[in-house]
Amino acid sequence: MSILITPETKIMIQGITGAFGGKHAQLSLDYGTQVVAGVTPGKGGQFFEHGGKKVPIFNTVAEAAAATGATVSTIFVPPPFAGDAILECVDAGLDLAVCITEGIPIKDMIRVKRAMTGAKTRLVGPNCPGVVTPGTAEGSKGGCRIGIAPGYIHKKGHVGVVSRSGTLTYEAVFQLTSKGIGQSTSVGIGGDPVNGTSHLDVIKLFNEDPDTHAIILIGEIGGNAEVEAARWIKANCKKPVAGFIAGATAPAGRRMGHAGAIVGGAEDTAAAKIAVFKECGIEVAETPSDMADALLRAAKTKGVTLS
Amino acid sequence: MNIHEYQAKALFEKFGVPVPKGVAAKSPADFEAALAQLPDAPVVVKSQIHAGGRGKGTFTDGFKGGVKFAKTKAEALDYATKMFNNTLVTIQTGPAGRKVQTVYFTQASDIKKEYYLASLLDRATSRPVIVASTEGGVEIEKVAHDTPEKIFKVVVDPAYGLADFQVRELVFKLGFNAAEGKNAAKLIRSLYTFFWETDAAMVEVNPLITTPDDQVLALDAKVSFDSNSLFRHPEIVALRDLNEEDPKEIEASKYDLAYIALDGHIACLVNGAGLAMSTMDIIKHYGGNPANFLDVGGGASKEKVVAAFKIILGDANVKGIFVNIFGGIMDCNVIAEGIVEAVKEVGLKLPLVVRLEGNNVAAGKATLAASGLALVSGDTMADAAQKIVKLVA
């Protein structure tokens, strides 16, 4: 199995007719993902064509879901309209909305998150690379690729990866695949201070997934989400976990690319988070080059085989 | 985006947050006219820079104090003249300091007691929070550490807004008398409205003061705005002061590059914020010091790479360059071509270590090899980082 999505999951893409959304719709189709609908208001009735496949475009998320059975949406809508796009997924009762858009006003996300209280829909992101459950064909094709991650670096297997950062996720996945270790699902939760799914939410899902045997948890400076996840792991998770925190050298008070990556107080520095990881039995990667090796160390300690 | 105190206070007044009367002047020729607009002395003279710790700061010519209390207007004029065009170094500016190009004169207030008040995002709940304390005029981080029981917080439900009972709760906990409490309640409500309506990231008043006649005033104002929201606030964008920003950071923002200048010697050019942060970390891990944070983004073009090279080479401290690219979707060959073109254009007198991995990496490496450039290849991040640190040492 996997978490959040499987190769059979039917997805729609909001913003499929934009340059960015269109390009990644093509890459997902090439990967073998079930991209069954696109949504662009005003372009309903048209088609998105690629590689001999014709994806119908709808005016609304609800129409797209009803007509195609899609249960998941990927959002590539520009920042001023992205909050609205997320709420449209909630209204349509989708299982999952993955918002790739970077640069959504914080206030919009505060309101969206409040409006999602008690809703059935789960949000991943915004400002995230998306979610990949690798497939079994060459280059891990045949899997479900939601978002902008490179599909070919993955390999089907049993390691769960969760991170805020896109490129660091790719780095971890690539290290694993290069060592012949596959992944169950790789989840990028995004670099914004207000986001949907947290590190802890994903860790809980990995912990429950029988097909995930070990976990890499990648975090960064700012907030206390990694600390919250680490404490939960200490109390509840028996699977081997390796962790990495980016931003040890970041100056306080400066936003390091990600809107959420800013050191506000003593508790959200890299050093503080790394100390909590160690205290919670998480094997800490000394450098970003050490992530896969750190997981191998953690697995060896617990007698778990990864490949 | 940050703004100056005098700009923040003008916005405060617009939203009904009382502040002491003040006038800003951007040239010594305007000092007397500015002072004439204030009632009689005493006057407080405040250097306007985007950094805290001004009062305890020292100017590079030895003059002490970026905030001065003047008993007479003549004294105020003298202080302002000494501050203007002078460079103020505070605990937040770094050793280079900031040049003072605006001076703010305010009527001195009679202070009964100092408090702390702020509004910001509470990341744990993803909601706005108002933070207040009976301990004002000191570092709030110190209060939080030493006497956390003196800090009070109310988390605002964004669906309803700030509720009256929450305002009352703060007013009671801060221990105001009845007359002060009435004024404080109005101020807290106005401050929150300002925070919410303007998409502020943080509004901090330290100190908030009471006066002997029970007035409540914002004696200082520190405001920053959410950069993602600026598209809907042109009036706030107009307050941006480019003098306060690193010229290299301004140049980078023109090319949509996320760049932050640091004080080390190894320049970094990386794709992705997380990878860019960890590239700085790994340099430090192997004993070097990063000169900057630079994220060229996911969709870097040749032009962006060239622009990025020019910006990092504009830093005189740089003694070596580390390019670290994980081309997921991005074509490594595009980056390689960008590097070759940049070096052709700007020349290369410094050691350059390149680590390329990912999409079309073989073609990228071939492009670099064929260019004849004197660069060093790194296989992994760790390998490349060790190489650049060694070359710069």
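This is a predicted model: local features need pLDDT of at least 70, side-chain atom pairs count only at pLDDT 80 or more; totals for chains, interfaces and linings use all residues.
Me: OK. How many bridges do β11(B) and β12(B) pair over, and in which sense?

Reply: There are 3 bridges between β11(B) and β12(B), the latter being residues 216–218 of chain B, and the pairing is antiparallel.

Me: And how many residues sit between β11(B) and β12(B) in that hairpin?

Reply: The hairpin leaves 5 residues between the two strands. One to look at in the turn is B:D214, which has a positive phi of about 70°.

Me: Which strand does β8(B) join, and over how many bridges?

Reply: β8(B), residues 113–122, runs antiparallel to β11(B), with 7 bridges joining them. To find the spot on screen, look for B:L120, which is opposite B:M202 of β11(B).

Me: What about β13(B), how many bridges there?

Reply: β13(B) covers residues 222–225 and is joined to β11(B) by 4 bridges, again antiparallel. Here B:A200 is the residue facing B:F225 of β13(B).

Me: Switching to helices. At what angle do α10(B) and α11(B) pack?

Reply: About 45°, with the axes 8 Å apart; α10(B) is residues 302–313 and α11(B) is residues 332–346. That angle makes α10(B) oblique to α11(B).

Me: Is the crossing right-handed or left-handed?

Reply: α10(B) crosses α11(B) in a right-handed way.

Me: Which residues meet there?

Reply: On the α10(B) side, they include B:V305, B:V306, B:F309 and B:L313. Across from them, α11(B) brings residues including B:V334, B:I335, B:I339, B:A342 and B:V346. Charged residues take part too: by class, the contact has 9 nonpolar, 1 polar and 5 charged residues. Among those in the contact are B:K302 and B:K310 in α10(B), plus B:E337, B:E341 and B:E345 in α11(B).

Me: Last topic, the two chains. How many residues of chain A are in contact with chain B?

Reply: 46 residues of chain A, in contact with 44 residues of chain B.

Me: Which helices of chain A supply at least two residues each?

Reply: α3 (79–91), α4 (106–115) and α5 (166–178) of chain A each do that for the side touching chain B.

Me: And how do the residues on that side of chain A divide?

Reply: Into 22 nonpolar, 15 polar and 9 charged.

Technical notes:
Residues are numbered from 1 along each chain as its sequence is written. Chains are lettered from A and ligands numbered from 1 in the order in which they are written. Axes are lines fitted to C-alpha atoms, for helices over the stretch in contact, and angles run from 0 to 180 degrees between N-to-C directions. Angles under 35 degrees count as roughly parallel, over 145 as roughly antiparallel, 65 to 115 as roughly perpendicular and the rest as oblique. A crossing is left-handed if the near helix is turned anticlockwise from the far one by less than a right angle, and right-handed if clockwise. Two residues are in contact if their C-beta atoms, placed from the backbone, lie within 7 Å. Ala, Val, Leu, Ile, Met, Phe, Trp, Tyr, Cys and Pro count as nonpolar, Asp, Glu, Lys and Arg as charged, and the others, Gly among them, as polar. Two strands pair if DSSP finds at least two bridges between them.
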